[in-house]
Amino acid sequence: MSPVTTSARRRLLPYLLVLPGAAWLGVFFVVPLLQLGAASLYDPTGSLSTGYALTWAFGNYPAVLQAYWPQLARSFGYAAAALALALLLGYPLAYAIARKAGRWKNLLLVCVVAPMFTSFLVRTLAWKTILSDHGWLVGLLRDVHLLGPNGRLLATPVAVVLGLTYNFLPLLVLPLYASLERLDHRLLEAAGDLYASGVQTFRRVTLPLSMPGLIAGTLLFFIPATGDYINAELLGSPNEYMVGNVIDSAFLVRLDYPQGAALSFLLMAAILAVVVGYLRRAGTDEVWR
Amino acid sequence: MRQESPAGDLRLANLTKRFGALTAVDDVDLTVPQGSFFALLGPSGCGKTTTLRMVAGLEEPTSGQVLLGDRDITRLRPYQRPVNTVFQSYALFPHLDVAENVAFGLRRRGIRTVDEQVRRMLSLVRLDGHDRRRPAQLSGGQQQRVALARALVNHPQVLLLDEPLGALDLTLRRRMQLELKRIQTEVGITFVHVTHDQEEAMTMADTVAVMNAGRIEQLGAPADSYEFPATAFVATFLGRSNLLAAEAAGRVGADVPVTAHGARFSLPADRARSDRGAVYLGVRPEKLHLAGSADQVPHGHQHLDGVVTDASNVGVSTQYLIRTGWGGELAAFAANNGLGRRFPVGASVLAHWDPRHAFLLPREPGAADRSAGLRDEPTPVSS
Amino acid sequence: MRVPSQPLRRRGLLTGAAALLAAGGTLAGCGTRAATQTETGCRSEDRSTAEQKLTFSNWPQYLDVDESDPAKRPTLDAFVARTGIQVTYTEDINDNNEFLGKVQQQLASCRSIDRDIIVLSDWMAARMIRLGWIQQLDPARIPNVTANLLPSLRDRSFDPQNRLAVPWQAGLAGLAYNGSVTREIRTVDELLTRPDLKGRVTALSEMRDTMGLLLQSNGHDPANFTPAQFDDALAKLKKAVDSGQIRRFTGNDYTPELARGDIAACVAWSGDVIQLSAENEKIRFVSPESGLLLYSDDTLVPNRATHKGHAETLINYYYEPAVAARLAAYVNYICPVRGAQAEMEKIDPELATNPLIFPGEDLLRKATVFMALDERQERAYESRFQQVIGA
């Protein structure tokens, strides 16, 4: 083989490696995304039978924002609340599995992932039984007066947030576990040796060093939770519907493609803005390489 | 440098640590005088690191005490002890820059203005201007010095160093040894240095404790221990020794006569750790000289016959292996100073020594000769 | 010679991405074409004389199955035996909207969906008819339908000549309650206002059923109403949502909650309630005085289906009273075939008297089929309804 071809190959190699993934993304993500973008600018008076004309109707955006901002805001509110709850549950869990579980580690990991083996829908339906008005949980909460005698959990924001927390918890725990598991225990010893108490060691060493996992987990949790509609649909009431429910209905029930597409794009933009803002703050400097 | 006020020697009293059935540290009793450079020397697995970790508070003793002056610190948490450690892996915080790594301990103790102390400490370890780098951007030697600065800045009463130079290459190691010694002299803090490198221990320490299988075999100034080792282990671990299995039958006047392999020798009684029964007659290789014939052996020296089986020139010296009449092997180092004669392989020689340079050590009955051979590292005694 | 491997260049990647975007933009095109087809524009060929084949797509559990052998379908097997037509039967319809999404592209561009008969709910059937996607049947080839179809299901506005959508099974939308957690309920107004039911009420997310019942409760006719009347009914619904009376809007999934008692009372479908009350007789279906909604699932022959003749033979077969009775005995929905009740007495006399399978004249008089909507109306009403139900 002559040096020239070797050199050309080496120059092309990285592009060749990127090509399959890029082609896949191109065909199954970029093209549909552009189609969706075009659909969001269709003439809103069009219909399935008459067809839709691309009239660059940017007015679709303010229109859906005005009509559905409560659902949009709710999506972010619920996802944030669920994230907070998931962090409270998930960080200690990931920490315990990674650093304290010993030989139970693998079993516990399987337990974390196990719910993922069943369908999302079935899991959420199971929560309906757990949160049932006549179930043991509501009974217990009524007995201890955390709920009034006619209080309930189903069809309340609490149920939706609990459902979101439960369904997406593994997505938070797994990357967190991975980064906590990698954490060098000698660094913790060093911190103790340098006058850091347990709490200080956690704040100054464990927490910052688990940031990569924490950031990955937070994003993996937050993004799908914001776009979710199954939990609101099954565990909530109309007053808990999230933007996903609206998009679902726009595409499947109302057949209002411009609205559905515009709303999808708004959601995407809003999530992107939150993610970028988050990475700006939490990312760059805190995530060490 | 600010001096820590109420002084104190570091004292380990009957310190024992067991891991299950294994006794890692076995009833260790020793005192490290304040301000000294103390080395714990031993092969890996001898319990020296465990001892150090008990002083740091990272390991809890099974029994015994750790005292600092009059204060019992045995049960204190690591962060409550006026003791800092330079870890073997350095354990620098990868998410903090050099200055913040150094300032870590100060900040944890609530000290707000740290810049000046950090700057001075970085200058002490010759890392001026590196304060904004991350540990990953530093070389091994630089990381080592950050680890040192990070511990020293806290002015601990005792600084523990756990094989701090182990990861460095030879040249760097030599340089850092001198550097550490300089810094210790400058700050005057008690240094407890754990190492398996006898040369390192001898270069730096005022006092060396040689550890083997959880026990301290000999404690003393490095030159004293070298010149007159207390046990066969020390004789072979701290430098090399030719040890001939011999029998002694008590003192005769100021001397102790011994028999080895049918030949008779003697040495002054003050060079004997044991003067009866099974003993080792020991001579350091550099104290063993070669002569072509009996008339070349100086008066008063004792000698035995042998044949050169190997001669390797390592520059400063030539290292010979001599096969004795009974099939044993002795090592002899001759300085390449241009004075002595060289012997080729196969030459018949007389190996001789001054009895005042020999020593007598207790021997397990039945144990055979131990040659200084061409080994570099002694075999670890326990795992 | 060793050449170091080159890193990816940002510019190279950006060029690639830009090319992709441009290509995607071209593909995305400029809008969509009209989906409406006409009989002359989209002709279908009937190969029934040449091929003894028929492809039939239906909902799960919507055809009788032999209790001892789930692979046997008695009425369908009998049809195959009698006619020699090989039927490929698939249960691949789970949701009207989802199925529309699946076949929309083909039907909008006059291509075959490889099915000769599909079963869809009446409003979806109406939508497809409106789009010109459905083939006309020959009345001469379906005499049983002409003779036996229940009067209430005849001459519907979207199929005035009964030539496009022939009901497979029908059902009623009314009210239901669980007697073990609440007392009897009789009217829609009770459902929407009774304080003891607060937060324990659901309604159907199917606009026609829920809004139909509300229109009736206001004294209006779901088969013929004005936008103002719709808005009145919607305002009533909104009040119940805002006050927290209505817990949520459901599809079929209300049934387990009604059985558990989480839902005390709801807007419900008769077929579901029959099954629930078989297990718990305290669960009752209620037909409010103001009226009920009658809906049906209809058989349709889509454009480009190539065995319309066989499809007609099969539809006609299922309108024989004896066959219809056997089907109804299994599926428990309202049987749209007159004369099947008499046949049912031979199979299961108890089912023959069940008004939710064979509704009496008085019940059927109270039942209305929701008005056919054109696309603009459908979009307008559906949007307003969806807004109230939260989506």
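The model is predicted: local features need pLDDT of at least 70 and side-chain atom pairs count only at pLDDT 80 or more, while totals for chains, interfaces and linings use all residues. Residues are numbered from 1 along each chain as its sequence is written, chains are lettered from A in the order in which they are written, and side-chain values use heavy atoms, without hydrogens and water.

Chain C is assigned domain 1 (17-168 + 297-356) and domain 2 (171-294 + 382-389); such bounds come from an automatic or database domain assignment. The C-alpha centres of these two domains of chain C are 28 Å apart. Their contact (heavy atoms within 4.5 Å) takes 10 residues from domain 1 and 11 residues from domain 2 of chain C. In domain 1, Trp123(C), Ile334(C) and Leu356(C) lose the most area to domain 2, together 53% of what that side buries.

Buried area is the accessible area (1.4 Å probe) that two parts lose on being put together, summed over both. A salt bridge is a side-chain nitrogen of Lys or Arg within 4 Å of a carboxyl oxygen of Asp or Glu.

| Interface | Buried area | Carbon and sulfur share | Salt bridges |
|---|---|---|---|
| Domain 1 and domain 2 of chain C | about 940 Å² | 69% | 0 salt bridges |
| Chain C and chain A | about 4400 Å² | 55% | 3 salt bridges |

Between the chains, 55 residues of chain C are in contact with 52 residues of chain A. One salt bridge joins Arg379(C) and Asp256(A), with the closest N and O atoms 3.7 Å apart.
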